[in-house]
Amino acid sequence: MNLLLAEDDALLADALQQQLLNASFKVEWAENGAVAEYLLRKQDFDIAILDLGLPMVDGLTVLKRVREAGRTLPILVLTALDALEHRVAGLQAGADDYLTKPFDFPELEARLHALLRRGRPASQTQQLRRLSLDRAARRASIGGEPLELSPREWSLLDLLLAERDRVVTKAQIVEAWGADEGGSIEVYIHRLRKKLEGSGLAVRTVRGLGYLLEATASP
């Protein structure tokens, strides 16, 4: 995913670039608002992180101008300004999400993936090996046989399938569930593994990172 990082703090920007690269984002850095606005107008990005306190042109102005120019990419505001009026102003100007500093990178990554999922035109039916997922009907099947899934098992499978080329973190799973149930994730992973037997797919644990849906040696 192509990401624009608009951040004037060089040390923070460098650290974020490294973390984002490790999370499979392709990052372009803008150190001031003028560069950020130019890049957002002229280049195609999948998502952007925008600091409000940018030099030359402030982030709120950049946000307003980019939206007025018809750019619809998801934009996450990342700023030290945490007062209610700042959050409201950012959202009203066109921000899709608002995260205040200091922050933890797993939360930032989870929010980015959530924004990308919202903006992605999802195929209603997806097929992988013997697994078929019908999002419109919220039904899944293996080789034509219905797969009985609880609401959380469904959300987990949907997320793993949508992000099948990436490791899904626990923070992303909690975000998808919309509740703080991190302690029970392993239970649902175990249940889902059992239900996927015979599908040609398996959920692999990537130690210290999360989970990955991958094809097994034989379908």
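This is a predicted model: local features need pLDDT of at least 70, side-chain atom pairs count only at pLDDT 80 or more; totals for chains, interfaces and linings use all residues.

Me: Good. Which residues in α2 meet which ones in α3?

Reply: From α2, the residues are Gly 33, Ala 36, Glu 37, Leu 40 and Arg 41, and they meet Val 62, Arg 65 and Val 66 in α3. By type, the residues of this contact divide into four nonpolar, one polar and three charged.

Me: And how do the axes of α2 and α3 run, what's the angle?

Reply: The axes of α2 (residues 33–42) and α3 (residues 59–68) cross at roughly 20° and come within 10 Å. Angles under 35 degrees count as roughly parallel, so α2 is roughly parallel to α3.

Me: Is that crossing of α2 and α3 left-handed or right-handed?

Reply: The crossing in which α2 passes α3 is right-handed.

Me: Now α7 and α8. At what angle do they cross?

Reply: Their axes cross at roughly 85° and come within 11 Å. Because 65 to 115 degrees counts as roughly perpendicular, α7 is roughly perpendicular to α8.

Me: Who makes that contact between α7 and α8?

Reply: In α7 we have Lys 170, Ile 173, Val 174 and Trp 177, which meet Ile 185, Glu 186 and Tyr 188 in α8.

Me: What separates the C-alpha atoms of Ile 173 and Gly 59?

Reply: Those C-alpha atoms are separated by 30 Å, and the two residues are 114 residues apart along the chain.

Me: OK, cores. How many residues does the largest nonpolar core have?

Reply: The largest nonpolar core has 23 residues, and Leu 157, Leu 160, Ile 173 and Leu 196 have the most contacts inside it. Elements that give two or more residues to this core include α6 (151–162), α7 (170–177), α8 (185–195) and the strands β10 (201–206) and β11 (210–215).

Me: Which element gives the most to this core?

Reply: That's α6, with six residues.

Me: And what does Leu 157 touch?

Reply: Not counting residues up to four places away in sequence, Leu 157 touches Leu 131, Leu 133, Ala 140, Leu 147, Leu 149, Leu 192 and Leu 196. There is also a second, separate core of 21 residues, with Ala 30, Val 62, Ile 75 and Ala 95 among them.

Me: Switching to the backbone: where is the cis peptide bond?

Reply: The cis bond joins Lys 101 and Pro 102, with omega about -5°. Pro 102 is in the loop between β5 (97–100) and α5 (105–119).

Me: Last one. What's phi for Ser 24, and what is it for Met 56?

Reply: For Ser 24, phi is near 75°, a positive value in a residue other than glycine. Met 56 is not a glycine either, and has a positive phi of about 70°.

Me: Where do they sit, and is Met 56 buried or exposed?

Reply: Ser 24 lies in the loop between α1 (10–22) and β2 (26–30), and counts as partly exposed at 44% relative accessibility. Met 56 is in the loop between β3 (47–50) and α3, and is exposed, with a relative accessible area of 69%.

Terms used:
Residues are numbered from 1 along each chain as its sequence is written. Side-chain values use heavy atoms; hydrogens and water are left out. A nonpolar core is a set of buried Ala, Val, Leu, Ile, Met, Phe, Trp, Tyr and Cys residues joined through side-chain atoms within 4.5 Å. Buried means under 20% relative accessible area, exposed over 50%, partly exposed in between (1.4 Å probe, protein chains only). Helices (H or I, at least four residues) and strands (E, at least two) are DSSP runs, numbered from the N terminus. Contact means heavy atoms within 4.5 Å. Axes are lines fitted to C-alpha atoms, for helices over the stretch in contact, and angles run from 0 to 180 degrees between N-to-C directions. Angles under 35 degrees count as roughly parallel, over 145 as roughly antiparallel, 65 to 115 as roughly perpendicular and the rest as oblique. A crossing is left-handed if the near helix is turned anticlockwise from the far one by less than a right angle, and right-handed if clockwise. Ala, Val, Leu, Ile, Met, Phe, Trp, Tyr, Cys and Pro count as nonpolar, Asp, Glu, Lys and Arg as charged, and the others, Gly among them, as polar.
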